[in-house]
Amino acid sequence: MTILVTGGLGFIGSHTVVELMEQGRDCVIIDNLSKSTLNVVDRIEAVVQKKVPFLKVEMLDKIALREVFKAYNISSVIHFAGYKSVGESVKQPLLYYQNNLISTINLLEIMQEFDVKKLVFSSSATVYGDAHLPPLKEGLALSAPNPYGRTKLMLEEILRDFVAANTEWSIALMRYFNPIGAHKSGLLGEMPYGTPNNLMPHLLNAASGETEKLQIFGGDYNTEDGSCIRDFIHIMDLADGHVKALQYVEEDFGCEAFNLGTGVGYSVLNLIHTFEAVTATKIPYEIVDRRDGDIVISIADVEKATTVLGWKAKYRLKDMCIDSWRWYQTVKGYTI
Ligand code: UFG
């Protein structure tokens, strides 16, 4: 039986494929290569020392998607494919609604046609909005601050409605906090498409001298050092969380959300200082104005994933920094 991994050449998808294959599971990857590159297939194969089937498929094309299900004996799906840039989503909301919503609806329809009823869905902690105090528990009321976040929120609702009408299905909604780090081999890591949005790629560029300075958005928040606090999680812990979620949907029914975080928050300045200490580099930075829409503190409550999935993050902040740095040095100037 084969696990279909959509968006499997992206940051989280590629690391999850490695984790699945290392556990002896068969995968087929689909990706439309719009925000990723084909050489990630070689990188995955170099890490696991096995071939992995890859198909360039546009999920908006239902006929092409159907062909994948015809060609492989798919038992379950992990669905990562989707656009994820907050800024781009504000500028091009229709692109985001069209791409993220329609591709997922197409996937559900084709899964139904082929009687595949197990799905792990890539959501985001962004669905908690900014109305709650941390730690954030799965049962909280949801809201999303931008079109990207709203696609995740709408899809969670669509998936819940779908399971309510199809009770023999099983879907896990994975809410990620802040994934950083890379595979230990240095062969696989994050490859931001165009100008990076997230903190770690900017930090790496500043640490390497690629950019002059890291800009820290806001130094006057009501936190210990004035910078925002995030629940940074190692990408391999996140990948392991998906393997555990897959085992869960394989055995259970219903629709459940799970946080994937460490349950511990570090400030942006903490991250910078830890990185400097463990990599013996200096990160030139300046504190600039707050970024619109930033949440001050985002930390997961991880009890549900721990008790229900039997999953817990293992890596520490210093591992995340060391692994990110190793990866960056192998691919120097990695923006695609
Ligand atoms: N930051 C900087 N400088 C930068 C980039 C980021 O200071 O150059 C700061 C941000 O202001 C924030 C922190 O670093 O305080 C983390 O920012 P990221 O952009 O890395 O991550 P966010 O927490 O803002 O966003 C992440 C995901 C989103 C998701 C959101 C909520 O990237 O997709 O978490 O879960 F929507």
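The model is predicted, so local features need pLDDT of at least 70 and side-chain atom pairs count only at pLDDT 80 or more, while totals for chains, interfaces and linings use all residues. Residues are numbered from 1 along each chain as its sequence is written, and side-chain values use heavy atoms, with hydrogens and water left out.

Start with H11. Helices (H or I, at least four residues) and strands (E, at least two) are DSSP runs, numbered from the N terminus. H11 has 15 residues. From its first C-alpha to its last it reaches 22 Å, close to the expected 21 Å. The expected span is 1.5 Å times one less than the number of residues.

Which residues of H11 are buried? They are Leu317, Asp319, Met320, Cys321, Asp323, Ser324, Trp325, Trp327, Tyr328 and Val331. Buried means under 20% relative accessible area, exposed means over 50%, and partly exposed lies in between (1.4 Å probe, protein chains only). These buried residues pack against helices H2, H7 and H9, and against strands S7, S10 and S12.

Now take two of those helices in turn. Two packed helices are described by the angle between their axes and the distance between the axes. Here, axes are lines fitted to C-alpha atoms, for helices over the stretch in contact, and angles run from 0 to 180 degrees between N-to-C directions.

H9 covers residues 268-279 and H11 covers residues 317-331. Their axes come within 9 Å and cross at roughly 65°. The crossing is right-handed. On the H9 side, the contact (heavy atoms within 4.5 Å) uses Asn270, Leu271, Thr274, Phe275, Val278 and Thr279. On the H11 side stand Leu317, Lys318, Cys321, Ile322 and Trp325. By class, seven of the contact residues are nonpolar, three polar and one charged. Ala, Val, Leu, Ile, Met, Phe, Trp, Tyr, Cys and Pro count as nonpolar, Asp, Glu, Lys and Arg as charged, and the others, Gly among them, as polar.

H7 comes next. The axes of H7 and H11 come within 11 Å and cross at roughly 65°. This crossing is right-handed too. Met200, Leu204, Asn205, Ala207 and Ser208 of H7 meet Ser324, Trp325 and Tyr328 of H11. The H7 contact has five nonpolar, three polar and no charged residues.

Turn to charge. Side chains of opposite charge can pair when their charged atoms come close. A salt bridge is a side-chain nitrogen of Lys or Arg within 4 Å of a carboxyl oxygen of Asp or Glu. The structure holds 21 of them.

Is Asp323 buried or exposed? Asp323 is buried at 1% relative accessible area, while Arg326 is partly exposed at 30%.

Another salt bridge joins Glu168 and Lys117, at 3.9 Å. Glu168 sits in the loop between H6 and S6, and Lys117 in the loop between H5 and S5, so the pair ties together parts 51 residues apart in sequence. Glu168 is partly exposed at 35%, and so is Lys117 at 24%.

End at Thr16, in helix H1. Its relative accessible area is 0%, so Thr16 is buried. Beyond neighbours within four places in sequence, Thr16 touches Ile78, Phe80, Ala239 and His242.

Definitions and conventions: Left-handed = near helix turned anticlockwise from the far one by under 90°.
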